[in-house]
Amino acid sequence: MFSSINNRISQIHLTSNVKQTIVAMLGVTFGISMYIFMTGFMTGVNDIQADLAFSALAHVRIYNDGPADNSNIAKKVFPNDLINVRNAKVIKYTDGIKNSTSILNTLSKQKDITGFTSQVNINVFFKNAGNKLNGLVSGIDVVSEDKVFGSAKHMLQGNWNELKYKSDGIFVGVELARILGLKMNDNVNILTSEGISRNYKVIGIFRTDVYNVDKTKAYIAINAARQLLGVNQDYVTDIQIDMVDYNNTQPLIDNIKAIIPYKVESWQMGNQQLVAGSSLRDTIAKAVSLTILLVAGFGIYNIMNMTINQKIREIAILKAMGFSGGDVTKIFLTQAIIIGILGGIVGIILGNIISHLVNRVKFEVAGMHHLPMTYYPHNYVFAFMFGLITTFVAGYLPAHKASKIDPVSILRG
Amino acid sequence: MNDIILKVDNIVKHFYEPEKFQVLKGISFEVKEGEFLALVGKSGCGKSTLMYVLSTMDTDYEGTLTIKDTVLTNQSQNQLAAFRNENIGFVFQFHYLLPEFSALENVMIPALKLKKYAKAEIEERAYKNLEMLGLKDQALKKVTKLSGGQQQRVAIARALINDPAIIMGDEPTGNLDTVNTQIVFDIFRELAKERKQTIIAVTHDDDFANNCDRIIEMKDGQIV
């Protein structure tokens with residue numbers, strides 16, 4: 001019923017005072033564009049953070065966490081008695097994951113997994129000439145490691161796939177190479193905690209932009225790592241799993257926890273600070289932009305209130321002529337909703353423009369070039385919906401007030 | 001059907017601000033169809049208050065109000081609004097037109113609300129009413145561009161658009177000069193005579209009142 005008399009009156013009200021209508025509209029526009037910009041920016045920051053974090057971190061990790069503390073066995077049998085065991089020790093019977101093939105078979109049957117890779121990680125000393133540095137040598141499956149972590153793109157020098165064919169080859173982090181004075185084709189000596197020492201040839205240098213990784217990490221082929229430790233072909237220390245949605249790791253963990261006799265840990269469990277950081281940023285972004293929308297809502301509320309006070313006699317006369325309270329509410333609510341829709345559309349466009357502008361600001365830290373930004377459609381939809389709801393509420397309160405106007409008291413003067 | 005169009009029975013009304021005060025003290029009368037009635041009395045005698053009770057806009061009273069054989073007392077605001085739309089036309093001391101609309105649109109609004117006729121027909125009827133009141137040339141002008149007398153006549157045209165059984169006026173000529181007062185009076189006279197529409201007008205103007213069919217004079221909340 002767009003042609004009804006109520007709509008016609010709303011339309012005349014909106015168009016007869018264009019300035020006021022535009023001011024009310026700009027309130028919504030500003031709120032929505034700020035919301036879009038803020039959430040786009042914050043999710044951009046979160047995505048970058050996740051990208052950086054997940055270049056060295058898998059979504060789910062399976063590893064041997066060491067045995068439970070059973071050093072005081074007597075206490076379990078006589079829990080209420082005072083028992084003292086002198087010099088008790090936790091004895092580790094197993095090291096690493098011995099039967100990795102059956103676990104990998106289990107994993108390949110799971111849904112929501114995009115990839116997994118096995119690693120043999122060894123804490124070592126890197127030595128070159130007189131320089132010594134402790135760090136981590138990661139024995140990797142070249143193909144699946146790249147699939148899970150995208151490691152190949154971090155290579156500064158050398159070819160990622162070369163590691164497959166050279167069992168004496170090693171890739172070192174760029175900072176590690178700098179400190180030890182290593183260049184391509186130099187030899188580096190590795191010393192394990194067992195006292196085994198072996199020489200490798202640097203066939204690649206990589207940079208992940210995470211300083212601690214670049215300073216302490218090196219890659220060798222997984223079989224070379226097994227050789228270094230003297231273990232069999234089934235031995236791994238870690239199985240790293242990538243998932244479709246890294247925020248939704250719990251179902252998989254619940255699924256496989258019972259059948260896998262090792263520690264299954266999601267990235268959230270191991271990195272509470274990342275989870276906290278990203279959800280705090282989300283909260284701040286939401287709080288700020290909702291506040292802006294709320295302020296915009298108050299703007300609309302004020303302007304609608306003003307309009308209604310200006311038009312109080314007209315409202316009274318409309319009621320005298322037989323317009324019901326519902327008609328009056330409709331007339332003013334329609335105005336608020338039109339303001340909300342127009343302001344929302346302009347706000348979405350403006351928010352997109354602001355996002356693009358901020359996205360162009362140079363920001364050259366940790367491998368970034370520009371300020372991060374996302375353009376997720378659901379943020380735009382939510383901003384628009386929330387803008388509409390705000391204007392609806394902000395418009396409904398004055399409109400309802402208008403509908404309650406008693407024509408007698410106004411018309412008698 | 002009888003020819004009694006409006007009937008009030010023992011209307012009592014109190015004001016509660018600033019203190020309780022009985023403004024209407026049991027008023028009863030009947031109005032016939034086509035009657036031209038003037039409500040007169042000194043300021044504060046309750047004649048305007050009575051008018052607003054008759055208009056159905058004021059519902060805070062005791063007693064019974066019947067218009068066109070319909071008891072309106074205790075009906076809901078929305079029912080009363082719909083009843084007013086169809087059966088009662090108003091002319092006030094100030095024109096109370098909607099300033100953003102043209103004269104024609106102002107006249108059309110109550111009919112567009114009633115939706116008894118299609119829009120084209122409503123427009124035609126509105127033109128006819130404006131023509132009768134000598135305003136055909138001003139139809140498309142904004143009402144703020146019209147003179148006071150013209151505005152008041154637009155307000156009358158608007159009151160007539162739905163062919164209401166009763167036209168009520170709260171000092172309809174109170175703001176007009178002698179010439180325009182005479183014009184408005186003649187229009188009312190004609191409506192009562194030709195169209196059998198009932199006119200009830202509150203007035204201070206003795207000349208106006210003396211030319212009506214009947215005068216109801218009030219004093220201290222009672223009919224004298």
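Let me start in chain B, where E6(B) and strand E7, residues 166-170, run parallel to each other and are joined over five bridges. Within that pairing, B:Phe90 stands opposite B:Met168 of E7(B). Please keep in mind throughout that this is a predicted model.

These two strands belong to an open sheet of six strands in chain B, whose order is E6-E7-E8-E3-E9-E10 and whose pairing is mixed. Which strands form the edges? They are strand E6 (88-92) and strand E10 (222-223) of chain B, each of which pairs on one side only.

Turning to chain A, we find it divided into domain 1, which covers 5-53 + 275-411, and domain 2, which covers 60-67 + 93-270. Taken over C-alpha atoms, the centres of these two domains of chain A are 51 Å apart, and the contact between them takes five residues from domain 1 and four residues from domain 2. On the side of domain 1 of chain A that touches domain 2, four residues are nonpolar, one is polar and none is charged.

Finally, helix H11 of chain A, residues 272-310, has 39 residues and reaches 56 Å from its first C-alpha to its last, which is close to the 57 Å expected at 1.5 Å a residue. Among the buried residues of H11(A) are A:Ala285, A:Leu293, A:Tyr301 and A:Thr307, and the buried residues of this helix pack against helices H1 (5-16), H2 (18-53), H13 (325-359) and H14 (377-403) of chain A.

Methods
Residues numbered from 1 in each chain as written. Chains lettered and ligands numbered in written order. Predicted model: local features only at pLDDT ≥ 70, side-chain atom pairs only at ≥ 80, totals over all residues. Domains from an automatic or database assignment. Contact = placed C-beta atoms within 7 Å. Nonpolar A, V, L, I, M, F, W, Y, C, P; charged D, E, K, R; others polar. Helix = DSSP H or I, 4+ residues; strand = E, 2+ residues; numbered from the N terminus. Expected span 1.5 Å × (residues − 1). Buried ≥ 20, exposed ≤ 12 C-beta atoms within 10 Å, placed from the backbone. Pairing = 2+ DSSP bridges.
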